[in-house]
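Reader: Could we go through this structure together? I would like to start with individual residues and then turn to the ligand.

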Amino acid sequence: MDEIFGFGDELGPGKVLHIYLPKLGLRSVVAVDNTACGASIGGVRFAPDVTAEEACRLARAMTLKNAAAGLPHGGGKAVIAGDPKMDAPRKEEWIRAFAQAISSLEDYIAGPDMGTDEIAMGWIQDEIGRAVGLPRELGGIPLDEIGATGFGLSVAIEVAAKTISLTMQGARVAIQGFGAVGKHAARFLVGKGCRVVACSDTRGTVSTDDGLDIDGLIALKEAGKSVTEFAGGENSGPEAILGVPCDVWIPAARPDVVNRDNAAMLDTRIVAEGANIPCTLEAEAMLAQRGVLVLPDFVVNAGGVICAAIEYHGGTGSSVFGVIEEKIRRNTASVLETAIRTHTYTRDAAIEMAAQRVHKAARARRWG
Ligand code: NAD
């Protein structure tokens with residue numbers, strides 16, 4: 001198969017749909033990686049430089065994330081090539097046209113991703129009745145507003161802390177990126193007794209060993225300012241966050257921020273991957289060899305997709321935190337237990353757990 005199509009393995013991708021609407025100039029690719037666990041859920045990424053290969057890789061990441069979270073959903077992803085800041089009426093026309101083009105692809109459920117938001121999901125829902133991450137008025141649960149992913153991260157960190165006998169009370173946390181994931185992780189961790197000693201955004205890092213005032217920082221960010229404008233700490237450049245001595249280091253910004261060139265700078269006991277693929281595989285290996293416990297992204301940052309799945313199945317906001325807590329607590333504990341028992345990297349243990357779930361589900365399927 002590889003010789004003919006160039007990609008594909010025992011999991012997928014099951015379907016790759018190329019969409020071209022010449023009148024609009026719209027080009028899109030939807031990858032449905034694997035649907036053994038159920039219809040695929042994955043975001044619609046709207047960016048100028050997306051590729052079909054990227055759609056397939058991201059769809060695979062969603063297969064693993066959804067299976068690891070124990071959701072009745074497979075993994076998919078859509079990419080639309082274009083400027084996400086195009087004027088609003090044109091963007092609406094594009095998204096609605098995209099929705100019509102995927103109307104018969106019933107094993108793909110669209111969600112928000114880079115360049116798309118709840119309003120865009122509302123348009124897709126309006127066209128084809130199938131989307132998650134909807135506005136509250138359409139039955140959506142606003143996952144970034146309630147901090148679904150940050151909450152899940154805080155639960156995973158609690159499990160990891162117990163594994164290495166780290167007391168949450170007073171544990172020092174450093175957070176790279178103070179957006180939807182970072183600020184809510186900070187809030188929930190402070191609620192569990194931790195001390196956030198540093199956080200950063202694109203403009204710089206603010207730190208104090210006494211612990212930052214998180215509510216003050218959130219208010220500052222919501223006013224459109226940088227963490228570096230916060231009066232209650234010392235300022236340094238954006239890279240300084242890497243070297244802050246702490247117990248828990250949370251990347252919550254961009255991919256590949258920790259790599260072979262800077263992994264040695266991290267001075268922490270736990271790395272909790274809030275962002276997607278924030279550490280290269282090489283960096284994860286370097287950290288593990290130094291005894292740092294790395295919590296793999298797709299296990300510990302699944303709070304958002306768990307929330308989206310609850311929304312899709314008609315659940316309400318009040319059930320979200322309990323379900324995220326139960327799933328992420330159990331899955332993180334299982335991954336760490338396997339990794340320690342079998343002397344493997346945590347990511348390998350997590351992939352094995354997710355893949356096993358997909359294979360088990362596939363046995364109940366006619367076509368796998
Ligand atoms: P966001 O845009 O709300 O926040 C990102 C923050 O990171 C911003 O404050 C930005 O200033 C900062 N940032 C960007 N580059 C930086 C850098 N080099 N150094 C320091 N700070 C930097 O995004 P978000 O929703 O919080 O998502 C963050 C990451 O987590 C992304 O990789 C996203 O794909 C991933 N993720 C998000 C969710 C979710 O529920 N929102 C779920 C899973 C994964």
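**A walk through the model**

Author: Tyr108 is found in strand β5, residues 108–112; helices (H or I, at least four residues) and strands (E, at least two) are DSSP runs, numbered from the N terminus. This is a predicted model, in which local features need pLDDT of at least 70 and side-chain atom pairs count only at pLDDT 80 or more, while totals for chains, interfaces and linings use all residues. Residues are numbered from 1 along each chain as its sequence is written, and side-chain values use heavy atoms, with hydrogens and water left out.

Reader: Is Tyr108 buried or exposed?

Author: Tyr108 counts as buried, at 0% relative accessibility. Buried means under 20% relative accessible area, exposed over 50%, and partly exposed in between (1.4 Å probe, protein chains only).

Reader: What about Asp107, buried or exposed?

Author: Asp107 is buried, with a relative accessible area of 18%. It lies in the loop between α3 (88–101) and β5. The side chains of Asp107 and Lys15 are joined by a polar contact of 2.9 Å. A polar contact is a pair of N or O atoms within 3.5 Å; within protein, one must be able to donate a hydrogen and the other to accept it, and residues adjacent in sequence count only if both atoms are side-chain atoms.

Reader: Now the ligand. Which residues come nearest?

Author: Of the 21 residues around the ligand, Asp144, Thr149, Ala180, Val181 and Ala253 come nearest. A residue is near a molecule or strand if one of its heavy atoms lies within 4 Å of it.

Reader: How much of the ligand does the protein bury?

Author: The protein buries 70% of the 830 Å² that the ligand exposes when taken alone. Accessible areas come from the Shrake-Rupley method with a 1.4 Å probe; for residues, only the protein chains shown count as cover.

Reader: Which elements give two or more residues to the shell?

Author: They are α5 (143–146), α7 (180–191) and β7 (195–201).

Reader: Let us change topic to α6. Why is it described as largely enclosed?

Author: Helix α6 is largely enclosed by the rest of the structure because 13 of its 16 residues are buried. This helix covers residues 148–163, and its end C-alpha atoms are 23 Å apart, which agrees with the 22 Å it should span at 1.5 Å a residue. The expected span is 1.5 Å times one less than the number of residues.

Reader: What follows α6?

Author: Ser165 follows, with a positive phi near 55°. Ser165 is found in the loop between α6 and β6 (172–176) and is exposed, with a relative accessible area of 65%. Most residues other than glycine have a negative phi, and most peptide bonds are trans.

Reader: Where is the cis peptide bond?

Author: It joins Gly12 and Pro13, with omega about 5°. Pro13 lies in the loop between α1 (2–5) and β1 (15–21).
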